[in-house]
Amino acid sequence: MEASEQQEEGRDVAAPLRPRPAIAAIALRAKARQRERTQDQAPLTSRFLRILKRLQLGIRDLIEEEAAYGRAILFAPIYMGIGAIFWFKAGNDPPPQAVIAGLLLFAGGFVFRREVGRVSRHLLFAGMLICLGMALAQCESWRASTVMLDSAVTTTVTGQVERRESYDNGGWRYVVRVEATEKPSIRRSPQRVTIFVRKQADAFDLGDRIQGRARLTPPAGPALPGLNDFAFSSYFNGIGANGFAYGTPKLLSPADDNAAGSLLDMADIRLAALRNSIGDRIRQTLPGDTGAFAAALVTDERRAISKDTTEALRIAGLTHIIAISGLNMALSAGIFYVGLRYLFSLFPGVVQAWPTKKFAAFGALVTVTAYYLISGFGVSAERAFIMMAIMLVAVLLDRPSLSLRNVALSAIVILILSPSQVLGPSFQMSYAATLALVSGYSLWKRRRHRESILSRFRVLSPLLFVSRFFGGVLSTSFIGGASTAIFSIEHFHRLATYGLAANLAAMPVVSFIVMPFGMAAMMLMPLGLDGPFWNVTGEGLELVIVIAKTVAGWGGDITFGRQPGWLMPTFIVGFLIMSMLRTRLRHLGLVLSLSSVGAAAFGSGVPKPDLMISEDGVLVALRQDAILATNRERPQAFIFEQWQKALVAPEYQPPTILPGDSRLPHVSKSDRHRRLSREEESAVRKAMEEALDRTMQGSFACQKGAWCVAMLENGAMLVTIENAAYLPPACDTANIVVTPIRLRLDHCRSGAMLITGATLRQTGSIEMALATDKPVVSAAFENPQRPWTRHRTYDWRTDKFGTPARPVPTVSDSAE
């Protein structure tokens with residue numbers, strides 16, 4: 001009793017010496033406020049450094065976690081592509097010795113310096129693959145070595161037909177291996193040219209030797225500086241010139257297997273002949289756009305589809321159906337694979353005794369290989385075949401078939417075989433869509449899924465299957481469209497906004513009608529039983545065309561102008577971070593991509609030029625807001641449509657055609673060396689000045705077949721002439737003179753800017769900004785010394801390549 005009382009008293013005595021809980025909390029809050037005041041009094045730089053240090057530690061932890069997943073192989077094609085892009089975009093060919101030395105240096109450091117840190121080792125890995133990409137690009141350029149035609153010429157071509165493709169208007173496009181040229185004989189004759197023949201009833205067979213008069217022109221360069229250079233793809237495809245035939249060429253001798261050359265050439269011609277026969281049979285069974293559509297799905301011959309249908313498919317966002325790409329390969333392999341699995345399931349003994357899954361994968365591999373061989377070896381078909389083959393081989397080896405590693409491996413194979421494809425829209429868009437879909441699928445698999453209550457009712461199983469299918473189509477179309485939108489804007493300056501609705505309506509038709517019955521028709525074609533199946537396929541394709549034209553009628557085709565140069569690289573970096581990483585670092589990629597798109601959307605954009613000149617000098621246009629005024633009543637559609645999209649100028653203003661004037665001298669095309677008298681020059685100058693009063697500012701007034709004049713916004717006068725005889729009065733009158741004639745002069749006697757065909761041959765297309773007193777000139781080529789542009793500096797008189805002394809035209813001081 002006493003002890004307990006003493007203890008109780010002791011507690012009572014000691015109690016005041018301990019802080020009560022409320023008092024302790026108040027003391028802690030006071031100390032916290034004191035620390036905050038101390039931190040607030042600390043220098044701002046110290047707090048910023050502490051924040052940076054914490055952020056650095058957090059990012060380092062995430063990087064270490066990311067490295068633990070072992071995904072370095074995913075970056076291999078990225079580094080190889082960077083090296084290839086750097087080589088192709090360089091102003092001159094990088095020295096091969098430097099590229100090989102860099103490759104050996106980085107490879108040696110990566111192999112032998114294993115003790116360096118993880119970051120340093122990854123940098124060595126990146127440097128090695130960048131140099132490898134440059135070396136592969138150099139090797140592809142050497143391997144191509146295509147002779148490009150240096151200037152337009154009309155000559156008699158004798159050669160052998162290697163490829164052919166039909167047009168919807170009855171014409172044929174032939175790829176001819178040139179054997180000889182006459183009248184005149186081309187000194188630097190290209191090995192292969194494409195020749196278009198109008199309305200030919202009976203097409204030539206592959207291997208036929210033909211001869212005919214043709215107009216050949218070099219492959220087109222960019223329509224404006226920064227746009228697509230078609231000569232680049234022609235160089236690596238082995239095409240040195242394009243042209244059309246005058247009349248129908250005559251057949252010299254039919255195809256001869258013994259004259260085909262090597263076994264590889266013979267096999268190539270046989271495959272091309274098989275492809276043409278398949279396309280002809282399909283078009284005979286299904287006439288019109290339906291047959292052309294079906295043939296395009298099999299043989300990749302798209303030119304037979306009418307322009308209206310092609311444009312409707314483009315506006316509706318359904319052009320990926322025409323191209324033999326991942327969709328076609330996946331559907332063909334999937335249908336064959338699933339069909340074999342179901343067939344084997346009918347025999348339980350076989351399923352239990354044999355690996356039927358691998359048998360089905362091998363059969364699907366044979367199917368897609370045959371599909372690729374008859375598809376024409378297009379870029380998208382090559383990419384889709386390699387990736388599908390890797391996935392099916394992964395099934396044979398009991399490895400995951402759908403993974404980012406397989407995507408990276410297929411990209412590595414393509415970059416080794418043809419690194420030039422890295423700059424093409426087909427490569428970029430197909431891999432962007434594939435990477436986004438595979439990454440999205442992987443992210444979806446890692447999530448926790450709850451079983452739906454509706455799945456417990458078997459009656460609702462068909463409804464759930466339909467909802468899942470359309471949900472898959474919806475999500476696939478959305479991811480694929482979102483991932484390729486920026487590439488479509490960059491390369492084609494347009495975007496189909498209703499593509500999601502069109503794909504949602506068309507893809508079930510393609511998946512359940514077109515591809516299954518089309519595959520059955522192809523398998524039964526050797527037996528002659530393919531007709532009924534092609535009819536069903538045609539009904540499905542007819543429905544797809546109706547869907548495309550219906551959605552295209554809604555509009556939704558938004559045109560975008562040229563985008564800032566930083567947009568694509570920034571978006572791609574963010575997209576790769578978002579789709580390839582697994583930790584929270586991937587959110588940085590989403591922020592980077594969205595911020596880059598937002599900055600481009602709300603920014604001022606790329607400055608638009610006021611004056612555009614085509615690379616041949618024939619077409620000249622002036623821009624005022626959304627209106628393009630040209631010096632031609634019928635401008636070249638190939639060039640003019642690119643100008644309209646790149647400059648977002650849909651309205652067209654034709655020139656004012658002046659009536660004939662008896663006071664003016666009559667100068668024919670054959671009199672291009674004629675010199676006008678002083679009286680004639682004075683009459684022409686007066687007529688040019690009077691013509692300005694008959695048209696408004698920013699538009700052309702033309703004396704048909706002679707010259708055109710226009711008053712620019714800055715008060716300068718522009719004259720285009722079609723005959724060199726008008727050069728003296730044009731130079732005396734105008735500030736800028738443009739002519740397609742190749743003159744040896746590079747300036748006017750008055751100091752006015754002179755742009756001739758010889759100038760444009762080296763510079764390519766030209767654009768000018770006229771906001772200031774002195775025009776700001778931009779040319780497509782500053783120094784055309786790359787393998788696919790070097791033909792622009794060739795002089796057939798001396799048989800030598802030159803270097804332009806002043807490729808970009810300027811205004812002399814006297815003109816100012």
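**Notes on the predicted model**

1. Let's start with the overall fold: residues 24 or more positions apart make up 66% of the contacts in the protein chain with a separation of 6 or more, a contact being heavy atoms within 4.5 Å. This is a predicted model, in which local features need pLDDT of at least 70 and side-chain atom pairs count only at pLDDT 80 or more, while totals for chains, interfaces and linings use all residues. Residues are numbered from 1 along each chain as its sequence is written, and side-chain values use heavy atoms, with hydrogens and water left out.

2. You will find 26 helices and 22 strands in the protein chain; helices (H or I, at least four residues) and strands (E, at least two) are DSSP runs, numbered from the N terminus. Of its 816 residues, 45% count as buried. Here buried means under 20% relative accessible area, exposed means over 50%, and partly exposed lies in between (1.4 Å probe, protein chains only). The protein chain exposes about 42900 Å², and carbon and sulfur atoms supply 60% of that area. These areas come from the Shrake-Rupley method with a 1.4 Å probe; for residues, only the protein chains shown count as cover.

3. Now to the cysteines. How many disulfides does the structure hold? There are two, each defined as a pair of cysteine sulfur atoms within 2.5 Å. With bonded cysteines counted along the chain, the pattern is 1-2, 3-4.

4. Another disulfide joins Cys 731 to Cys 748, at 2.1 Å from S to S. This pair links distant parts of the chain, 17 residues apart: Cys 731 sits in helix α25 (residues 727-733), and Cys 748 in the loop between β17 (736-738) and β18 (753-755). Is this disulfide right-handed or left-handed? The torsion about the S-S bond of Cys 731 and Cys 748 is about -55°, so it is left-handed. Cys 731 is buried at 4% relative accessible area, and Cys 748 is buried at 3%.

5. Two further cysteines are worth a look. Cys 131 is buried, with a relative accessible area of 10%, whereas Cys 139 counts as partly exposed at 38% relative accessibility.

6. Helix α4 (residues 76-89) has 14 residues. From first C-alpha to last, α4 reaches 20 Å, close to the 20 Å expected at 1.5 Å a residue; the expected span is 1.5 Å times one less than the number of residues. Ten of the 14 residues are buried, so α4 is largely enclosed by the rest of the structure. Among the buried residues are Tyr 79, Met 80, Trp 87 and Phe 88. Which helices do the buried residues of α4 pack against? They pack against α6 (118-144), α7 (230-237), α16 (404-417) and α21 (567-580).

7. Finally, have a look at Trp 554, in the loop between α20 (531-553) and β8 (557-559). Trp 554 touches Tyr 498 and Ala 501, not counting residues up to four places away in sequence. Trp 554 and Tyr 498 are 56 residues apart in sequence and 8.3 Å apart in space, C-alpha to C-alpha.
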